[in-house]
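Welcome! Please take a moment to look over the sequence and the model shown here before reading on.

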Amino acid sequence: MLEKSPGTQRDTQWYKKHLKDYLIKKFYLNDIQDLRALPCVCAPDTKALERLDTAINAWHNPYGEKIFVRLWVDKAVAKYFKRKNSFAQNLHPHKDGSLEIELYITHYREISGEVLRWIPHIVVLEPEGLKEYIKENVREYVRRIEG
């Protein structure tokens, strides 16, 4: 965590505005302006760093509530999931060559891109909320392409 000891009143205001609650912020690099180093003492949050090891992409929130996800992967594409480091320790192969993947996410968007990318070779088994989220994304896509 960041130690609350900024050097000036201006720095204190900056901290309050930009580092509220000391959450990890996401920024689009091309939008960053007036970048400057501020005097502060920082210590890593080891718990957050450990949770980042399980992150799939930028939608991961190391402080967010974990959501258990179970996916089924068709044998036709199972080999690609076996190669992915982020899924390797959570694979459960079936005798027919298909896989079940168990993992934890913190936001549906963290895994929805992977699921949408591999349709029809992947199925969300649980949670029900993620199934509905994927269905709605597919429905919206079909509405757009069909006019």
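## About the model

This is a predicted model, in which local features need pLDDT of at least 70, side-chain atom pairs count only at pLDDT 80 or more, and totals for chains, interfaces and linings use all residues. Residues are numbered from 1 along each chain as its sequence is written, and side-chain values use heavy atoms, leaving out hydrogens and water.

## The sheet

Let us start with the strands. Helices (H or I, at least four residues) and strands (E, at least two) are DSSP runs, numbered from the N terminus. An open sheet is formed by 4 strands in the order β2-β3-β1-β4, with antiparallel pairing; two strands pair if DSSP finds at least two bridges between them. β2 (91-93) and β4 stand at the edges with a single partner strand each, so one side of each has no neighbour in the sheet. On average, neighbouring strands of this sheet are turned by 25° against each other, direction ignored.

Between β2 and β3 (residues 99-105), which run antiparallel, there are 3 bridges. Here H92 stands opposite E100 in β3. Helix α5 lies across β1 and β4, running at about 145° to β4 (axes are lines fitted to C-alpha atoms, for helices over the stretch in contact, and angles run from 0 to 180 degrees between N-to-C directions).

E110 is found in helix α4. Because its relative accessibility is 1%, E110 counts as buried (buried means under 20% relative accessible area, exposed over 50%, partly exposed in between, with a 1.4 Å probe and protein chains only). Not counting residues up to four places away in sequence, E110 touches T54, A55, I56, N57, W59, H60 and I105; contact means heavy atoms within 4.5 Å.

## Two cis bonds

Most peptide bonds are trans. The bond from I119 to P120, however, is cis, with omega near 10°, and P120 is found in the loop between α4 (109-118) and β4 (122-126). The bond from E126 to P127 is cis as well, with omega near 5°; P127 is found in the loop between β4 and α5 (128-146).

## Partly exposed loop residues

A76 is placed in the loop between β1 (67-73) and α3 (78-83), and counts as partly exposed at 47% relative accessibility. A76 and S98 are 22 residues apart in sequence and 7.7 Å apart in space, C-alpha to C-alpha.

I32 lies in the loop between α1 (9-18) and α2 (46-52). With a relative accessible area of 37%, I32 is partly exposed.
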